[in-house]
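Have the sequence and the structure open as you read.

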Amino acid sequence: MQDLLRRYGAALTAAFILLTGFWLLVLVILPNITLFEASFRPYLPVVDVGGPRDTYSLNNYAKILDNSVDGSILGIPVHMPVHILTFLLTITYSALVTILCFCLAYPLAFYLSKVVSPRSLPTLFLMLFVPLWVSEVLRAFAWYIILALKGPLNWFLLTLGLIDAPVRWIAGYDGIIIGLVYTYVLFMVFPIYNAIQSLDTNQIEAADDLGASWWRIHWRIVLPHSKPGIASGAVMVFMLSAGSLLVPSLLGSPNSNWFTQTIQQWMLESQDWNTGSAYAFMLLILCTVFVSLVMRLFRVKLTDIAK
Amino acid sequence: MSAGIDLDNVCCDFGSFRAVDHVNVNIQPGEFFSFLGPSGCGKTTILRMISGFTDPSSGAIRIGGKDMKGQRPNQRPTALIFQNLALFPLMPIWENISFGLEVRGVDKATRRKKADELLALVDLPDAGDKMVSQLSGGQKQRVAIARALAVEPSVMLLDEPLSALDLKLRQHMRAELRAIQKRTGVTFIYITHDQGEALAMSDRVGVMSQGRLQQVANPRDIYNNPVNGFVASFVGENNILPGSVQNPGAGIASFETAIGTFRARLGDQSKGDVKLYVRPEHMTLLAAAGAENSVPVTVADVSFEGNFIAVQGVTANGTTLTAELRNDGSATVPAPGTQMHMTFDAARAAILPNTTGA
Amino acid sequence: MTNPRKLLGHIYMGTFLLYLIIPLVIMAGAAFNDSKLPSVVPWKGTTGRWFVDLWNDSAIWFAFRNTLLVAAAVAIIAVIIGTASAILINSISGRVRSVLYGVMVAPILAPGAVIGISTLLMWDKIGVGSGLHLSVLGQVSYIAAFVMLLVLARLQSFDQGLEEAALDLGASHAQVMRRILLPHLYPAIGAGAAIAFFQSIENFNVTLFTRGTSNTLTVYVFSKVRSGITPTINALAFLLIVATLVLALVYETNRRRKAKLEAAREAEGRRASELEE
C-alpha cells in the first residue's frame, strides 16, 4: 500500500481502492448477502412485506422435499422428492460431462503440447478458438438441428445403412450431454495444454529411454504433471455444465430437467423470488463444495485453478 | 550545475535489520565518488535514499546544502542510472532520452533537438529512431546515461550499471564514464562491488561493510593504507597472520605469530583483535634467510598468470603464504619442493583490526 | 514417440477439428436451404430469402443493438475496474492478498443464475427495477475478474524499475501511469476488453434474470428456438460466424506482423552486441 502511494500518489491510489471496493462490495458481496437473506423469507404480496407474516424460516428450503416421484439415476431406480432428484441428476450428468470432456481433451492437449511442430501451433489454436468465439446459444442450436429426428445425423446414418429407423437423439438427458460436451470441451483442453506444456520433454524422453511403455509414461509422468490443469479444467467444465440453462433448455427432452431450469421456474414462472433464492443458494453451495473438493483432491490452490 | 552531498548520521532499518548504520560522508561538487562493498552491505540502500525511493530511518541527507527530507524522487536534482538501466521498451530511443523533458512540458521540437545533442555526446548519433531492443548492451548503456543527463541533474547516481556487460566492454565503458563525468562536471555517485571499477574511475572511494562505512579515501590510500582488515582483504589480496602485538606504540611494532615474530606498521586504531596483513606482491622470495621478517618455506605450487607469477609456500607448521613476482621476462621461477625464504618490508606490512568500531 | 503414434495424433487432431467445425458448417449451411425447417437435409434448393427475412426482422436488429450497447458498457466498466483492482492486488501481499484474490475470482466460478438472481434482488430492494442496466452490472461482476487476471499476469512481467526511472526523471504520478504503466498494460487491456465484449455478447444466464422485458440477441435467439424457428436464425448464425472468422484472421495477421517486427529488432540488437566484442 505504501508502495502504491509512492508510485501513483494519493489520488490514483484512492481511485484504485474505490473501484475495487465498488466491484467487490456492490457487485459481488452485497448481492449475495441479499440473496442469502431473501432465501429465508416467505413469498408475500407486496402489502405484507415487512409485516407480521414476514418472518425468517427454512420453509423455502423445505420445498425441495415436496412431491416424491419415481425416477432413476444412472439406471438405479429411486423414489425421492422431484427437486432432489433433479439436483442429483444435475450433479451426476455434470460429472459425466466432465469425465467425457477430459477423455476427449487429454489426448488433444498432449498432442498440441508435445507432438505437433511448434510452427503450426498458432494456426491450430486459431482453428480451435473460432468455434469457441461463436456464441454458446448458436453452438447449442447447431446440435438442435443435427440431432433433430429428421436431421442430418439420422439422415447420414440411414444413408450409410447403419440404422434402419431414425433415432430419437433428444431423449432423456442424451441431448443435454452431447450439447454440454461440445460446448465446454475446449475449457478442458486449454488448462491441460498449459500444464503439459510446462513439462520438460526430456523427462518423457528419459522415461522412454529407461524402457517405460507409453501408457506408463503418461500414468507416471505426464498425468501427475498435468494435475493442476486437469483440476482447473474439471472445475470449469463442471461449473459451466451444472450452471448451464441454455443447453438443457434447448437440447432437453420432455422428461429431462436441470436444476437451473427448476430455479428459472421459481423465478420467472412462479415469480416466487424467495424460493428461487433458496434454490439458487443451494446451487451456489454445491459449486463451492465441488471446488473445495477438487482443490483438496488434486492438492491445488485457487490461484492454480483461476488461470 | 553540480552539487555536493552530505550524509549526516544516516541510518536505514528494514524491520529489525539495519541496512545502513550511521553513515557520515561529504561528497564534493563535481566529484566522482564510489561506494564499494559486497552485496548486502547497504550501498544500494544509500543510493535509493539519495534518490528518494527509500526514506532514511534517521539522519539527514543534504544535496547542495538543502535538506531532502520529504522531497519525492521527482523533486530531487538527482538522476539515477538503474542496474538494469530501466529503459522504456515501448518508446523509441529519442523519446526515452527526452522523457524527463517531456514530463516538464518541453515542446517536441526542442526535445528532439536535445535528444540528438545528447546522442552525439554519448557517441550514438543515428540511434534516435531505433527501439531499445535494436541496441547492443553497450549502446543501451550510453542511452541510459544520455537519458539521465537530459534533465541536467546536479548529481548522477549509478547503480552498478556495468555489471551486465562482458569484461572487455566493461573496461571500455569505465573510461567512457570517467570521460563523460569530466566533460559534464556533474557529481557522480557510483555503486559497485567491483574493486577494479571503483579504483580506476573514482576520485574517492567509500568502502562499506554491513551497513557501515569502513573507510573513505582516494583509491591509492584505500589500497596502500587500508584502515582495517575488511578493507585490506576486500580490496586486493593478502597474506593474513593472526597473532598479538608485543610492544604497542605508534609506528612500527613487533607482532608475534605462530610462524615467528615480525615487525610491521601499527595503525592508531590497532587495538583489540588484530592481524598482520601482507600483500602478495610485497612478499619477496629469497634463496637465503633475509635480515628481518623472514620465514623459511617449501615451495608448494607455482602458477603462471601472465603479468605475474604466484608462488605458494608452506611453512614448517603448515601455514600457506603467497608471493607474487612481477614477470619482467627474466624472473626465475622456483620449482615446487624447493626450500626458500619469504620476506617482506616492515613498512609494507600492517597490523590491523578486523573492522572499525565493531 | 514412434511414427505410427504421431500419425494417430494427427488423425485425432483432424477428427477433433471436424467435430468442432461440422456442426457450425451445418448450421450455417441451413441458412441457404429453401426449407421452412432449419436443416441441410433434405436440400430443397438454394435460396437467399432467409437473409431477406433477417434484414426485415426488426426485433432481431433491436436485440442486436441492445447486445452491442450492453457489451460496450460491460467492456468499458470491466476494463476500468479490472485494471484498477489488478494494480491494487499486485501491490499487496500476504493474507489480505489471498482473501481479496479469492473474492475477486469467485464470481468466475459462481453459476450465472446465482449472479443474475442476486443482482436482481439487491437492486430491486433499493428500488432499482430490472432491465439491461442490471444485466450490465451483473455481467461486470464476473467479467471484471477476467480482465483482472489478464492485467495481473501482464503486471507480473512489468519491471517496476521503469516507474522509478520515470519518477526519478521528474514525471508526476499521472504521467507515470499514462506514459509508462498503461502502455505496458495495453495488450492485456485490449485483450481484456475483447474478452469482456465477447463474454457479454455470449451471456445468457445473468441476462435472463436481470433483463426485465428487454431482449438481447442471445435471449432473443433462445426464445425463437423454443417457439417455432425459421432459418433466419441460421442466416444470422452464418453472418456471425463469418464475422468471427474475419476478426480472427485480422487478429492473427496483426499478431504475426508484430512478432516479426519484434524478432527483426532483437536480431539487430544481437548483431550489434556481437560487433561490440
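Which are the buried residues of α5(C)? Since this is a predicted model, the reply, like everything below, is computed from predicted coordinates.

## A covered helix in chain C

The buried residues of α5(C) are Gly112(C), Ala113(C), Val114(C), Ile115(C), Gly116(C), Ile117(C), Ser118(C), Thr119(C), Leu120(C), Leu121(C), Met122(C) and Trp123(C). In other words, twelve of the 14 residues are buried, and the helix is mostly covered.

Helix α5 of chain C spans residues 112-125. From its first C-alpha to its last it reaches 20 Å, close to the 20 Å expected at 1.5 Å a residue. After α5(C) comes Gly127(C), with a positive phi near 90 degrees.

## Two domains in chain C

Chain C is divided into two parts: domain 1 takes in 1-47 + 232-277, and domain 2 takes in 59-230. Taken over C-alpha atoms, the centres of these domains of chain C are separated by 27 Å.

Where the domains touch, five residues of domain 1 of chain C are in contact with six residues of domain 2 of chain C. On the domain 1 side, that contact is made up of three nonpolar residues, one polar residue and one charged residue.

## The open sheet of chain B

Turn now to chain B, where six strands form an open sheet with mixed pairing. Reading across it, the order is β6-β7-β8-β3-β9-β10. The edges of the sheet belong to β6 (78-81) and β10 (212-217) of chain B; each has a single partner strand, so one side of each is left without a neighbour in the sheet. From one strand to the next, the twist averages 20 degrees.

At the β10 end, what is the sense of pairing between β9(B) and β10(B)? Strand β9 of chain B (residues 204-209) and β10(B) are antiparallel, with five bridges between them. You can find Ser209(B) opposite Arg212(B) in β10(B).

Most residues other than glycine have a negative phi. Leu85(B), however, has a positive phi of about 75 degrees although it is not a glycine, and Ala86(B) has a positive phi near 55 degrees.

Leu85(B) has 22 C-beta neighbours inside 10 Å, so Leu85(B) counts as buried. Ala86(B) has 23 such neighbours and therefore counts as buried too.

## Antiparallel partners of β11 in chain B

Further along chain B, strand β11 (residues 239-245) pairs with strand β14 (residues 274-278) in the antiparallel sense, over four bridges. Pro242(B) has Lys275(B) as its bridge partner in β14(B).

Strand β11(B) also runs antiparallel to strand β12 (residues 251-257) of chain B, and three bridges join them. Here Val245(B) finds its bridge partner in Phe255(B) of β12(B).

## How the chains meet

Two pairs of chains are in contact, and chains A and C share the most contacts. In that pairing, 74 residues of chain C are in contact with 73 residues of chain A. Helix α1 (residues 3-29) of chain C gives the largest share of the chain C side, with twelve residues. By class, the side of chain C that touches chain A has 55 nonpolar, 13 polar and six charged residues.

The contact between chains B and C takes 27 residues from chain B and 25 residues from chain C. On the chain B side, β6, α3 (99-102), α5 (137-150) and α6 (167-184) each supply at least two residues, and α5(B) gives the most, with three residues. The residues on this side of chain B divide into 14 nonpolar, ten polar and three charged. As for chain A and chain B, no contact joins them, and their closest C-alpha atoms lie 8 Å apart.

Methods. Residues numbered from 1 in each chain as written. Chains lettered and ligands numbered in written order. Predicted model: local features only at pLDDT ≥ 70, side-chain atom pairs only at ≥ 80, totals over all residues. Pairing = 2+ DSSP bridges. Axes fitted to C-alpha atoms, helices over the stretch in contact; angles between N-to-C directions. Expected span 1.5 Å × (residues − 1). Buried ≥ 20, exposed ≤ 12 C-beta atoms within 10 Å, placed from the backbone. Domains from an automatic or database assignment. Contact = placed C-beta atoms within 7 Å. Nonpolar A, V, L, I, M, F, W, Y, C, P; charged D, E, K, R; others polar.
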